[in-house]
Amino acid sequence: MNTIVADTSESNQTQLDVESIRADFPLLDQKIHGHSLIYFDNAATTQKPNSVIQIEKDFYEKINANVHRGVHTLSDYATNAYENAREKVRDFINANSLREIVFLKGSTEAINLVASSFGQLRISKDDEIIISYLEHHANIIPWQLLCDRIGARLKVIPVFDNGELDLQAYESLINNRTKLIALTHVSNAIGTVNPVKEMINTAHCSGVPVLIDGSQAVPHEKIDVQELDCEFYVFSGHKLYGPTGIGILYAKESLLNEMPPYQGGGEMIRVVTFAQSTYNDLPYKFEAGTPNIAGAVGLGAAIDYITAIGFSRITRYEQQLLDYATKKLLSVEGLKIIGQAKNKAPVISFVLEDIHPHDIGTILDHHGIAVRAGHHCAMPLMERFGLSATVRVSFAFYNTFSEVDRLIEGLNEVRRMLG
Amino acid sequence: MSALRELYQQVIIDHGRHPRNHGIVENATHSHHGYNPLCGDKLNLTINIQDEIIQDVKFIGSGCAISIASASLMTEILRGKKIDHVHELFQQVHQLLTGHCENPEQLGKLSVLSGVAEFPARVKCATLSWHTLNAALAQSDSPVSTE
Ligand SMILES: Cc1ncc(COP(=O)(O)O)c(C=O)c1O
């Protein structure tokens, strides 16, 4: 059953009911190595509520058919379900139009689409693209590939020791060769929340469009793409309590209109002749081939689930968890948190004395605690901090304060064994 | 809990913290860089071989306790070994690390690594040094990786 506690007015904000939320996530109720599972790897992927699991099952049991193709009833049902999900996404990020919501595999594919298609439209030899030190490899490699292909250059906004970007350096990187800024909203490796609104304004003052990688932001705070005014915003459904294999590219309609198709195939065309073809309307021009229909429907259910709880509750609770865990972790002797930006998402990266993160990960796993140990697909950032790896704990609203206490016990056990 | 103790035996913790033969063989005849992209573990192995016998072998590297201990134990056991013998040793170690070794005792001190078999995600940590050794002996030019 879903936990639906209506998100009422500010004056009547109830606390998040974690116990009943946990009951919605069947996976959480299991033992690992004899201990109740503690899942602290939410930045990698989140677990799914019953409603998401059920709706995918229902889809395949009752309405599965291809979309936009048949004259039969099921095809109509499937198309409606798919397009309803698009409307949920549009509303969720407050996009202006359904034409601006493209269903793709995930953030990675969305960034590659922009690099390829917007790259073809606007970026040429000797142009510059600005990214930051905080990027996930998914927001580095597509730009590198593009630069290598056409002879453009990649510029990188440096990061201070506390994990915040150097905004002055950012401004001075922008010049008349800058064609795009591709920036993460929240760092997956160390949790920094970038001041994207301000950074988008800065870019727009010089007429430069901005892509925001929202993979780690959408699960934690309300996103309004019109307020941000970015040209592109991308995220993956699986980090948002939805299924894997579905994600979103939001882009301003005017740009999508100008941009050439990314992939060719069915669905994205209107008239095909061997001499020439015309393309379908937005957003279908960018959705070649049969899409992940069940995945889109599942993402819609995940958005319903989150919306019912409400970001006012989610953000507040997760920030309390973050504060509590930060304080507790700092009390562990020899532990150092990497990244102490003023504004952080519930993601904490740390090292413990000179004990290797993989050894820590193995020992914690034996206490039923799932954490990430490694470079978090952010090797340049790790290098910047002189590290090859950290341990990362990342929270979701189904995590609890007592789970944090068990993490601390686990780390004390690590110190007893290896310290 | 006991599987963990098996994995992190005192010998492993000791070798992980105070690796033996840590350094570079000056007059190396064979060498190789090993890298495990999953963990970021790095290993530089240098060997001096005369008359088909390993005279000296050292490593420098960074990595988890398991990978460093495994490299350290490997260098200890290799000294004075005929290179003919290395291939067989590699097979035995591989069997040990994947839980297919009939009698671990024959491997002497290396048998402390038997606990790794219970941790599939960590087998690569323990085999990095051995893969690097193989590549050094084959004198291949590209860096080995456990991927
Ligand atoms: C900040 C960031 N960007 C991009 C990605 C890539 O997401 P996906 O693998 O779902 O395409 C991730 C996920 O690890 C991420 O954390």
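Is L27(A) buried, partly exposed or exposed, and what is its relative accessibility? Keeping in mind that what we have here is a predicted model, L27(A) counts as partly exposed, because its relative accessibility is 34%, and that value falls between the 20% under which a residue is called buried and the 50% over which it is called exposed.

As for its setting, L27(A) sits in the loop that runs between α1 (18–23) and β1 (31–32) of chain A, and, once neighbours within four places in sequence are set aside, L27(A) is in contact with L37(A) and Q47(A). D224(A), by comparison, is 197 residues away from L27(A) along the chain, and the C-alpha atoms of these two residues are 31 Å apart.

Let me turn now to the sheet. Chain A has an open sheet of seven strands with mixed pairing, and the order of its strands is β4-β10-β9-β8-β7-β5-β6. At its edges we find β4 (101–104) and β6 (153–157) of chain A, each of which pairs on one side only, and from one strand to the next the twist averages 20 degrees.

Within this sheet, β8 (residues 210–213) and β9 (residues 232–236) of chain A run parallel and are joined by three bridges; L211(A), for its part, has F232(A) in β9(A) as its bridge partner.

Helix α3 (residues 73–93) of chain A packs on the sheet, where it touches β4, β9 and β10 (247–251) of chain A, and its direction makes about 120 degrees with that of β4(A). Helix α7 (residues 196–205) of chain A, in turn, lies across β6, β7 (178–184) and β8 of chain A, and runs at about 160 degrees to β8(A).

Definitions and conventions. Residues numbered from 1 in each chain as written. Chains lettered and ligands numbered in written order. Predicted model: local features only at pLDDT ≥ 70, side-chain atom pairs only at ≥ 80, totals over all residues. Heavy atoms only, no water. Helix = DSSP H or I, 4+ residues; strand = E, 2+ residues; numbered from the N terminus. Buried < 20%, exposed > 50% of the residue type's maximum accessible area, 1.4 Å probe, protein only. Contact = heavy atoms within 4.5 Å. Pairing = 2+ DSSP bridges. Axes fitted to C-alpha atoms, helices over the stretch in contact; angles between N-to-C directions.
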